[in-house]
Amino acid sequence: NIKIINIDYKINENINESELFYNRTYLNYVKKCFSKNRIGYLHANYFWNNFFKYNELLQYDWGMRIDDDSFFINSIDFDFFEILNKNNYMFGSGYTKNDVYPNERDCRQELHNFTRDFCNNYKIEPKNKFLKKCLEDNNDEYLMGPNKKKREKTELIWNCGNCNVYNMKMFRTENWKKWNDKFNKLAGGYKYRWGDIEVIGLYAYIFLDKPLYDFKLKEKKLYDTGNTDFIRVGTAPSTKK
(Lines give C-alpha, C1' and ligand atoms only; values in the text may rest on other atoms or scores of the structure.)
Protein backbone atom coordinates (compact mmCIF):
# COMPACT_ATOMS: atom_id res chain seq x y z
CA ASN A 1 0.00 0.00 0.00
CA ILE A 2 1.19 3.50 -0.83
CA LYS A 3 0.20 6.52 1.24
CA ILE A 4 0.93 10.14 0.37
CA ILE A 5 1.04 12.21 3.53
CA ASN A 6 1.02 16.01 3.80
CA ILE A 7 3.59 17.30 6.27
CA ASP A 8 3.46 20.64 8.05
CA TYR A 9 6.70 22.56 8.01
CA LYS A 10 8.09 25.88 9.21
CA ILE A 11 11.43 27.55 9.78
CA ASN A 12 12.82 27.26 13.29
CA GLU A 13 11.59 30.10 15.44
CA ASN A 14 15.02 30.54 17.04
CA ILE A 15 16.74 31.80 13.86
CA ASN A 16 16.43 34.98 11.83
CA GLU A 17 15.70 34.98 8.12
CA SER A 18 19.08 36.63 7.54
CA GLU A 19 20.80 33.47 8.86
CA LEU A 20 19.30 31.15 6.23
CA PHE A 21 21.66 29.43 3.84
CA TYR A 22 20.56 31.33 0.74
CA ASN A 23 21.82 34.58 2.33
CA ARG A 24 25.39 33.26 2.56
CA THR A 25 26.39 34.87 -0.71
CA TYR A 26 30.06 34.81 0.31
CA LEU A 27 29.91 31.13 -0.70
CA ASN A 28 30.42 30.45 -4.39
CA TYR A 29 27.72 27.75 -4.39
CA VAL A 30 25.12 30.10 -2.95
CA LYS A 31 26.12 32.92 -5.28
CA LYS A 32 25.70 30.73 -8.36
CA CYS A 33 23.14 28.07 -7.47
CA PHE A 34 21.10 28.73 -4.34
CA SER A 35 18.61 31.57 -4.46
CA LYS A 36 15.81 32.37 -2.03
CA ASN A 37 13.28 30.39 -4.07
CA ARG A 38 15.06 27.17 -3.00
CA ILE A 39 13.75 27.48 0.56
CA GLY A 40 11.99 24.13 0.02
CA TYR A 41 15.35 22.38 -0.02
CA LEU A 42 16.11 23.77 3.44
CA HIS A 43 12.81 22.37 4.69
CA ALA A 44 13.87 19.04 3.16
CA ASN A 45 17.12 19.10 5.14
CA TYR A 46 15.07 19.28 8.31
CA PHE A 47 12.76 16.47 7.16
CA TRP A 48 15.53 14.03 6.20
CA ASN A 49 16.98 14.30 9.69
CA ASN A 50 13.64 14.13 11.52
CA PHE A 51 11.38 11.88 9.42
CA PHE A 52 11.39 9.08 12.03
CA LYS A 53 9.43 11.29 14.43
CA TYR A 54 6.25 11.28 12.35
CA ASN A 55 3.43 9.21 13.80
CA GLU A 56 2.90 7.38 10.51
CA LEU A 57 6.38 5.83 10.80
CA LEU A 58 6.61 5.02 14.48
CA GLN A 59 5.21 1.51 14.01
CA TYR A 60 7.97 0.40 11.65
CA ASP A 61 11.22 -1.39 12.46
CA TRP A 62 12.95 -0.45 9.18
CA GLY A 63 12.89 2.57 6.92
CA MET A 64 14.14 3.43 3.45
CA ARG A 65 14.65 6.89 1.97
CA ILE A 66 14.99 7.41 -1.78
CA ASP A 67 15.00 10.55 -3.92
CA ASP A 68 12.36 10.88 -6.60
CA ASP A 69 14.98 11.45 -9.30
CA SER A 70 16.62 8.10 -8.51
CA PHE A 71 16.05 4.92 -10.47
CA PHE A 72 16.35 1.19 -10.02
CA ILE A 73 17.52 0.22 -13.50
CA ASN A 74 17.50 -3.56 -13.04
CA SER A 75 15.57 -5.97 -10.85
CA ILE A 76 16.55 -6.21 -7.20
CA ASP A 77 16.73 -9.85 -6.11
CA PHE A 78 17.69 -9.29 -2.47
CA ASP A 79 16.14 -7.74 0.64
CA PHE A 80 17.93 -4.61 1.89
CA PHE A 81 16.60 -5.05 5.41
CA GLU A 82 17.59 -8.70 5.75
CA ILE A 83 21.14 -7.92 4.63
CA LEU A 84 21.55 -5.21 7.26
CA ASN A 85 19.99 -7.38 9.94
CA LYS A 86 22.11 -10.42 9.07
CA ASN A 87 25.33 -8.38 9.13
CA ASN A 88 24.45 -6.40 12.28
CA TYR A 89 24.30 -2.99 10.61
CA MET A 90 21.90 -0.20 11.56
CA PHE A 91 22.56 1.89 8.47
CA GLY A 92 23.09 1.11 4.78
CA SER A 93 23.53 3.16 1.63
CA GLY A 94 22.85 2.42 -2.04
CA TYR A 95 26.42 3.44 -2.81
CA THR A 96 29.17 5.41 -1.10
CA LYS A 97 31.67 8.10 -2.03
CA ASN A 98 34.77 9.70 -0.57
CA ASP A 99 35.20 12.57 -3.00
CA VAL A 100 34.07 16.11 -2.27
CA TYR A 101 33.26 18.83 -4.78
CA PRO A 102 33.75 22.53 -3.95
CA ASN A 103 29.96 22.98 -3.85
CA GLU A 104 29.67 20.17 -1.30
CA ARG A 105 32.28 21.82 0.87
CA ASP A 106 30.25 25.02 0.80
CA CYS A 107 27.33 23.01 2.19
CA ARG A 108 29.42 21.81 5.17
CA GLN A 109 30.33 25.13 6.75
CA GLU A 110 30.71 24.89 10.55
CA LEU A 111 30.10 21.13 10.47
CA HIS A 112 33.54 20.37 11.85
CA ASN A 113 33.11 22.81 14.75
CA PHE A 114 29.65 21.48 15.52
CA THR A 115 30.89 17.88 15.64
CA ARG A 116 33.97 18.72 17.70
CA ASP A 117 32.00 20.77 20.22
CA PHE A 118 29.35 18.06 20.57
CA CYS A 119 31.95 15.38 21.30
CA ASN A 120 33.84 17.63 23.72
CA ASN A 121 30.72 18.72 25.59
CA TYR A 122 29.52 15.15 26.09
CA LYS A 123 33.06 13.73 26.50
CA ILE A 124 32.53 11.32 23.61
CA GLU A 125 35.37 9.66 21.72
CA PRO A 126 34.27 8.91 18.14
CA LYS A 127 34.38 5.25 17.15
CA ASN A 128 35.86 6.13 13.75
CA LYS A 129 39.62 6.70 13.89
CA PHE A 130 39.70 9.22 11.02
CA LEU A 131 36.97 11.34 12.55
CA LYS A 132 38.67 11.11 15.95
CA LYS A 133 41.93 12.37 14.45
CA CYS A 134 40.12 15.09 12.54
CA LEU A 135 38.58 16.44 15.74
CA GLU A 136 41.74 16.07 17.85
CA ASP A 137 43.88 17.86 15.25
CA ASN A 138 41.19 20.47 14.62
CA ASN A 139 41.65 19.67 10.94
CA ASP A 140 38.53 19.43 8.83
CA GLU A 141 40.18 17.93 5.74
CA TYR A 142 39.19 14.45 6.87
CA LEU A 143 35.64 15.67 7.17
CA MET A 144 35.12 17.93 4.17
CA GLY A 145 38.13 17.56 1.91
CA PRO A 146 40.97 20.05 1.28
CA ASN A 147 39.88 23.64 0.74
CA LYS A 148 40.67 23.67 -2.96
CA LYS A 149 38.72 24.59 -6.06
CA LYS A 150 38.52 21.06 -7.39
CA ARG A 151 37.20 17.63 -6.56
CA GLU A 152 39.15 16.04 -3.72
CA LYS A 153 39.25 12.76 -1.81
CA THR A 154 38.55 12.55 1.90
CA GLU A 155 39.39 9.91 4.48
CA LEU A 156 35.74 9.37 5.44
CA ILE A 157 33.42 7.32 3.26
CA TRP A 158 30.11 9.16 2.87
CA ASN A 159 26.69 7.62 2.32
CA CYS A 160 24.92 8.64 -0.89
CA GLY A 161 21.86 10.13 0.81
CA ASN A 162 19.53 9.52 -2.13
CA CYS A 163 19.05 5.81 -1.29
CA ASN A 164 19.54 4.96 2.38
CA VAL A 165 18.20 2.18 4.58
CA TYR A 166 17.82 2.43 8.36
CA ASN A 167 17.09 0.24 11.33
CA MET A 168 14.67 2.59 13.08
CA LYS A 169 16.12 1.59 16.46
CA MET A 170 19.04 3.87 15.64
CA PHE A 171 16.76 6.89 15.99
CA ARG A 172 15.30 5.77 19.31
CA THR A 173 18.55 5.85 21.29
CA GLU A 174 19.51 8.55 23.77
CA ASN A 175 22.69 9.20 21.78
CA TRP A 176 20.74 10.00 18.64
CA LYS A 177 18.28 12.18 20.56
CA LYS A 178 21.16 14.27 21.93
CA TRP A 179 22.76 14.63 18.50
CA ASN A 180 19.49 15.36 16.73
CA ASP A 181 18.45 17.88 19.38
CA LYS A 182 21.70 19.84 18.93
CA PHE A 183 21.23 19.81 15.14
CA ASN A 184 17.67 21.11 15.44
CA LYS A 185 18.48 23.80 18.01
CA LEU A 186 21.30 25.09 15.84
CA ALA A 187 19.06 24.76 12.74
CA GLY A 188 22.00 23.31 10.82
CA GLY A 189 19.80 22.31 7.91
CA TYR A 190 18.47 25.84 7.50
CA LYS A 191 21.65 27.80 8.24
CA TYR A 192 24.24 25.64 6.50
CA ARG A 193 22.28 23.20 4.32
CA TRP A 194 23.49 20.14 6.23
CA GLY A 195 21.58 17.10 5.02
CA ASP A 196 21.27 13.48 6.10
CA ILE A 197 24.54 12.59 4.36
CA GLU A 198 26.32 14.71 6.92
CA VAL A 199 24.10 14.52 10.00
CA ILE A 200 23.16 10.83 10.02
CA GLY A 201 26.51 9.88 8.51
CA LEU A 202 28.52 11.59 11.23
CA TYR A 203 26.29 10.19 13.94
CA ALA A 204 27.09 6.70 12.69
CA TYR A 205 30.83 7.42 12.70
CA ILE A 206 30.69 8.80 16.21
CA PHE A 207 28.58 6.10 17.86
CA LEU A 208 28.38 2.90 15.80
CA ASP A 209 31.00 0.14 15.70
CA LYS A 210 29.75 -0.77 12.20
CA PRO A 211 28.70 2.61 10.83
CA LEU A 212 27.77 2.04 7.20
CA TYR A 213 26.95 -0.86 4.89
CA ASP A 214 27.57 -0.23 1.19
CA PHE A 215 25.07 -1.98 -1.11
CA LYS A 216 27.17 -0.97 -4.16
CA LEU A 217 24.05 -0.56 -6.31
CA LYS A 218 25.77 1.60 -8.92
CA GLU A 219 28.71 -0.77 -9.17
CA LYS A 220 26.27 -3.65 -9.70
CA LYS A 221 24.41 -1.59 -12.35
CA LEU A 222 21.20 -1.70 -10.37
CA TYR A 223 20.71 2.00 -9.69
CA ASP A 224 21.32 5.48 -11.04
CA THR A 225 20.43 9.07 -10.21
CA GLY A 226 19.23 12.11 -12.05
CA ASN A 227 19.00 10.50 -15.49
CA THR A 228 15.45 10.60 -16.81
CA ASP A 229 16.38 8.45 -19.80
CA PHE A 230 16.23 5.44 -17.49
CA ILE A 231 12.95 3.61 -17.04
CA ARG A 232 12.13 1.92 -13.75
CA VAL A 233 12.31 -1.74 -14.71
CA GLY A 234 12.77 -3.25 -11.27
CA THR A 235 11.52 -2.84 -7.74
CA ALA A 236 12.61 -3.93 -4.33
CA PRO A 237 10.99 -7.18 -3.18
CA SER A 238 7.77 -6.95 -1.24
CA THR A 239 8.29 -6.82 2.50
CA LYS A 240 6.12 -6.28 5.56
CA LYS A 241 8.91 -4.90 7.70
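Predicted model: local features only at pLDDT ≥ 70, side-chain atom pairs only at ≥ 80, totals over all residues.
I began with the surface: the chain exposes about 13700 Å², with carbon and sulfur atoms supplying 45% of it (Shrake-Rupley, 1.4 Å probe). Residues are numbered from 1 along each chain as its sequence is written, and side-chain values use heavy atoms, with hydrogens and water left out.

Next I looked up the secondary structure and got 10 helices and 8 strands (DSSP runs, H or I of at least four residues for helices, E of at least two for strands, numbered from the N terminus).

Then I went to α6, residues 129-136, and found L131, C134 and L135 buried. Seen down the helix axis, these buried residues fall within an arc of 90°, so they line one face of α6 (the arc takes directions from the axis to the C-beta atoms). K129 and E136, on the other side, are exposed.

N128 caps the N-terminal end, with a side-chain oxygen 3.0 Å from the backbone nitrogen of F130. Just after the helix, N138 takes a positive phi of about 55°.

Last stop was R116, which sits in α5, residues 111-121. Leaving out residues up to four places away in sequence, I see R116 touching L135 and N138 (heavy atoms within 4.5 Å).

Conventions: Buried < 20%, exposed > 50% of the residue type's maximum accessible area, 1.4 Å probe, protein only. Polar contact = N/O pair within 3.5 Å; in protein donor to acceptor, adjacent residues only side chain to side chain.
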